[in-house]
Amino acid sequence: MNHDPSPSAPPRPTRGIVLICLAVLAIAAAAYVIRRPLMMSAPVCLAGRWHGCYDTFNGVVLMTLVTLPWAVLVAWALARRRRAAGAASAWRTSLAEVGMVHGTVPFVWLTMMPGAAPGLVPGRLSLVPLRDLVVMGPLGIVGNLLVFASLAFFAPMRFAALASVPRILALGAGCSVLVETAQYVLRLDRVSSVDDVLVNAAGAVLAGLASRRWWRTRAGATPIRPRPTPAPVG
């Protein structure tokens, strides 16, 4: 008979470190693929100029990657503070808070960038579903899927009230409606489309499902209170 102990699953800190390393490698690979467009904006961004850096796609992506180590440092500081206070799931909560902000703000910034004639043309609406998908193209569809992906990925891990697929769908659709309404009201020379809302909401649901194993564990971690035993009669 074989009395060797069965191999156990790696401890949670090890799995967390592996996931972080895989995420860093994925970001590094993506940065290597798009390194040439990013380097075109690097001199302008390093010079601290607004025009040519923060109002361009390449500049925003570059600054997002540059500030990534600072975001990791903030998450580490928050987790260390929570662990010192004895809080449970310190790393998960801290990463969720930082990830929601760092992964969502750049995409919303890109979405709110004005067109060629902001303030000069009236707002434009496209309320026919699925009509603009052909115009978006593959790159546009992928970009719209990622707008609220980080928010939907991390928000259920941070807020137990959002730990369900319908609520994640409502979160993605609601945030997208707010962005499209702001584009129309501010007259940014962009088309406020119902297809953007649909694709953004779909991306939010997919991202929420990708992190389901973590927020389901958090949502089901509430202890069950024992029922009081009735006192004996007599």
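Biologist: Which residues does L171 touch, not counting residues up to four places away in sequence?
Modeller: This is a predicted model, in which local features need pLDDT of at least 70 and side-chain atom pairs count only at pLDDT 80 or more, while totals for chains, interfaces and linings use all residues. Residues are numbered from 1 along each chain as its sequence is written, and side-chain values use heavy atoms, with hydrogens and water left out. L171 is found in helix α8, where helices (H or I, at least four residues) and strands (E, at least two) are DSSP runs numbered from the N terminus. Taking contact to mean heavy atoms within 4.5 Å, L171 touches L151, A155 and L162.

Biologist: Why does L171 count as partly exposed?
Modeller: Buried means under 20% relative accessible area and exposed over 50%, with partly exposed in between, using a 1.4 Å probe and protein chains only. L171 falls into the partly exposed class because its relative accessibility is 21%.

Biologist: What distance separates the C-alpha atoms of L171 and L151?
Modeller: Leaving aside neighbours within four places in sequence, L151 is in contact with M100, T104, P156, L171 and C175. L171 and L151 are 20 residues apart along the chain, and their C-alpha atoms are separated by 8.8 Å.

Biologist: Which residues touch the most other members of the largest nonpolar core?
Modeller: A nonpolar core is a set of buried Ala, Val, Leu, Ile, Met, Phe, Trp, Tyr and Cys residues joined through side-chain atoms within 4.5 Å. Among the 17 residues of the largest core, those that touch the most other members are F148 and L151.

Biologist: Which element gives the most residues to this core?
Modeller: The elements that give two or more residues to the largest core are α5 (90-111), α7 (149-158), α8 (165-185) and α9 (194-210). With 6 residues, the element that gives the most to this core is α7.

Biologist: How many residues does the second, separate core hold?
Modeller: This core includes L38, A42, C53 and V61.

Biologist: Is S176 buried or exposed?
Modeller: The place of S176 is in helix α8, and beyond four places in sequence this residue touches F148, D196, V197 and N200. Because its relative accessibility is 0%, S176 counts as buried.

Biologist: Which element gives the largest share of the lining of the second largest pocket?
Modeller: On a 1 Å grid over the protein atoms alone, a pocket is an open set of points where a 1.4 Å probe fits, with protein on both sides within 12 Å along at least five of seven lines, and lining residues have an atom within 4 Å of a point. The lining consists of W50, Y54, V60, M63, T64, T67, V101, H102, V105, P106 and W109. Two or more of these residues come from each of α3 (57-66) and α5. The largest share, 5 residues, comes from α5.

Biologist: Which elements do the buried residues of α3 pack against?
Modeller: In α3, the residues G59, V60, V61 and L62 are buried. The buried residues of this helix pack against α2 (35-46) and α5.

Biologist: What percentage of the residues in the protein chain is buried?
Modeller: The protein chain has 10 helices and 2 strands, which run from the N terminus on as α-α-α-α-α-β-α-α-α-β-α-α. Of the 234 residues in this chain, the buried ones make up 29%.
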